[in-house]
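Reader: Could you take me through this model, one topic at a time?

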Amino acid sequence: MKTQNNFAHFSRGGKLSSPYLQFTKVDGETAKKAFTPQELKQIMDMFVYFDKNGNNTIKRDDLGFALRAIGYLVTTIEIRELGMFLDPKKTQFLNFEQFITACYNVRNRKPNKQEIINALKTFEKNKSGYIEVKEIKSIITKIGDALNLTEFDIVISEITQSQNGFIKTEDLVSLLIMS
């Protein structure tokens with residue numbers, strides 16, 4: 001398997017930062033083995049649904065819709081970069097092997113620890129490296145794939161809190177990436 005850095009993004013200061021997305025080139029058979037029979041059926045059904053012309057291809061522009069219809073959460077940037085990775089000749093079409101490779105890559109992507117830390121720094125008081133527990137609780141129990149209060153309390157109990165109700169940002173990120 002070959003890993004390729006496809007996109008490097010720039011920080012606000014215009015400096016080149018670390019590679020943003022990494023994709024793995026795998027053959028269709030290897031990718032298929034990574035999914036359960038039910039998941040594979042769902043992927044095949046979605047491919048057939050988006051194969052509007054019946055020529056065993058889907059439009060590259062439909063990649064994001066198809067991935068989201070399967071249930072993957074993908075950003076516009078991820079879709080664009082994944083499309084360019086899978087279709088370097090710019091045919092604007094993807095066959096099933098390319099589509100299942102996209103599913104494989106989205107499913108197996110690894111979170112970038114530093115990007116998560118940078119995002120959470122917004123919630124730090126005085127850039128201290130600590131986040132107030134009640135503030136992160138408000139976010140994690142209301143936004144995105146939200147946890148209920150009991151789940152949050154279980155997760156947060158894994159992190160050592162300071163006496164004044166703060167947790168270390170890096171400890172939170174390590175726990176989030178681990179789960």
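Predicted model: local features only at pLDDT ≥ 70, side-chain atom pairs only at ≥ 80, totals over all residues.

Reader: Okay, how many helices and strands does the chain have?

Author: The chain has nine helices and six strands, where helices (H or I, at least four residues) and strands (E, at least two) are DSSP runs numbered from the N terminus.

Reader: And what share of the residues counts as buried?

Author: Of the 179 residues in the chain, 35% count as buried; buried means under 20% relative accessible area, exposed means over 50%, and partly exposed is in between, with a 1.4 Å probe and protein chains only. As for contacts, meaning heavy atoms within 4.5 Å, residues 24 or more positions apart account for 57% of those in the chain with a separation of 6 or more.

Reader: Let's do helix packing. At what angle do α2 and α5 pack?

Author: Helix α2 (residues 37-50) and helix α5 (residues 96-107) pack at about 130°, and their axes are 11 Å apart; the axes are lines fitted to C-alpha atoms, for helices over the stretch in contact, and angles run from 0 to 180 degrees between N-to-C directions. That angle makes α2 oblique to α5, given that angles under 35 degrees count as roughly parallel, over 145 as roughly antiparallel, 65 to 115 as roughly perpendicular and the rest as oblique. The crossing of α2 past α5 is right-handed: a crossing has that hand if the near helix is turned clockwise from the far one by less than a right angle, and is left-handed if anticlockwise.

Reader: Which residues of α2 and α5 meet there?

Author: On the α2 side they are Glu39, Leu40, Ile43, Met44 and Phe47, and they meet Phe96, Phe99, Ile100, Cys103 and Arg107 in α5. The residues of this contact divide into eight nonpolar, no polar and two charged, where Ala, Val, Leu, Ile, Met, Phe, Trp, Tyr, Cys and Pro count as nonpolar, Asp, Glu, Lys and Arg as charged, and the others, Gly among them, as polar.

Reader: Then what about α3 and α5, which residues meet in that pair?

Author: Leu63, Ala66, Leu67 and Ile70 in α3 meet Phe99, Ala102, Cys103 and Val106 in α5. By class, that contact has eight nonpolar, no polar and no charged residues. Helix α3 (residues 63-70) packs with α5 at an angle of about 55°, the axes being 11 Å apart, and the two helices are therefore oblique to each other.

Reader: Moving on, which residues of α7 are buried?

Author: In helix α7 (residues 133-140) the buried residues are Val133, Ile136 and Ile140. Seen down the axis of α7, they fall within an arc of 70°, so they line one face of the helix; the arc is that of the directions from the helix axis to the C-beta atoms.

Reader: How do α7 and α8 cross?

Author: The axes of α7 and helix α8 (residues 149-156) come within 10 Å and cross at roughly 135°, which makes α7 oblique to α8. Val133, Ile136, Lys137 and Ile140 of α7 make the contact with Leu149, Phe152, Asp153 and Ile156 of α8.

Reader: Now single residues. Is Asp87 buried or exposed?

Author: Asp87 counts as buried, at 3% relative accessibility, and it lies in the loop between α4 and β4. Leaving out residues up to four places away in sequence, Asp87 touches Arg60, Gln92, Phe93 and Leu94.

Reader: What is the phi of Gln92?

Author: Phi of Gln92 is near 75°, a positive value in a residue other than glycine. Most residues other than glycine have a negative phi. Gln92 is in the loop between α4 (76-86) and β4 (93-95), and it is partly exposed, with a relative accessible area of 33%. Lys127 also has a positive phi, of about 50°, although it is not a glycine; it is found in the loop between α6 (113-120) and β5 (130-132) and is exposed, with a relative accessible area of 77%.

Conventions:
Residues numbered from 1 in each chain as written. Heavy atoms only, no water.
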